[in-house]
Amino acid sequence: MAEDLVLDSAIRDWVLIPLSLVMVLIGILRHFVTKLMRSSQPPDIKILKENQVVMRARNLRTCANLIPAKSFRSRRVYFSNEENGLLYVPKGQAQNPQAQMLTDPNMATDMMKKNLSMIIPQTLTFAWVNFFFSGFVAAKIPFPLTQRFRSMLQNGIDLSTVDVSYVSSRSWYFLNLFGLRGLFSLILGEENALDDTQRMMQMGGFGFDPTKSLSAEKDSLDIIQHDWALPRIEQRAESILRKLTN
């Protein structure tokens, strides 16, 4: 039977709040350090053009039902035509991110700086949490959870009698590590340098391949079914007005 614990207010004041504040401050500091470590080389014009093409094709796919069928088909041919379409990439022209990194030393240097700015603060912060706050029950989630969440929420506490909804200090560190991206986007903007998930993907895949985005967007645009929304707009407006008047 799981036991209910009474958490001391001192744990909130000296463990939970300081740990959260330190994680936020370290994240903001990492953002500015990463910006300072970036190289001042201008962006690649080809990559910028390809990103703009992907955004335009995505907007067309999202708003496809707001234009007539003829206009949509002409725009789709303009993007996905296999002769001169903007999204079409011949097989021989596909870029290899690994080869591009080997030929461009600045890309390898920037990636190494980004990885160091991620690994070093996380290692030091985890050592600090593990040394000072190991074994603390820091918080309680206000809804019940199954036993599958025990290993995630109670890291560092080897007690099977404690309810699953209690969170250890070490688990609170990991929750803050991967759950503060929304707060950093609100504070620092969407173009912040703290997206650890994307950076881990880059570490495993050696960078981003824009040709894959072009091919994926072309496939998505080819399979979309056009259904013009204007002929039914009067019926929809009439049904909405009837709901409002009733």
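**Exercise 1.** Classify Leu124 as buried or exposed.

Solution. Leu124 has a relative accessible area of 58%, so Leu124 is exposed; the cut-offs are under 20% for buried, over 50% for exposed and partly exposed in between, with a 1.4 Å probe and protein chains only. Leu124 lies in helix 5, residues 105-132. Helices are DSSP runs of H or I with at least four residues, strands are runs of E with at least two, and both are numbered from the N terminus.

The model is predicted: local features need pLDDT of at least 70, side-chain atom pairs count only at pLDDT 80 or more, and totals for chains, interfaces and linings use all residues. Residues are numbered from 1 along each chain as its sequence is written, and side-chain values use heavy atoms, leaving out hydrogens and water.

**Exercise 2.** State how helix 1 is oriented to helix 7 and to helix 8.

Solution. Step one: the axes of helix 1 (residues 9-37) and helix 8 (residues 181-188) are 11 Å apart, at an angle of about 55 degrees. Helix 1 is therefore oblique to helix 8. Angles under 35 degrees count as roughly parallel, over 145 as roughly antiparallel, 65 to 115 as roughly perpendicular and the rest as oblique.

Step two: helix 1 and helix 7 (residues 169-179) have axes that come within 10 Å and cross at roughly 30 degrees. Helix 1 is therefore roughly parallel to helix 7.

Key. Axes are lines fitted to C-alpha atoms, for helices over the stretch in contact, and angles run from 0 to 180 degrees between N-to-C directions.
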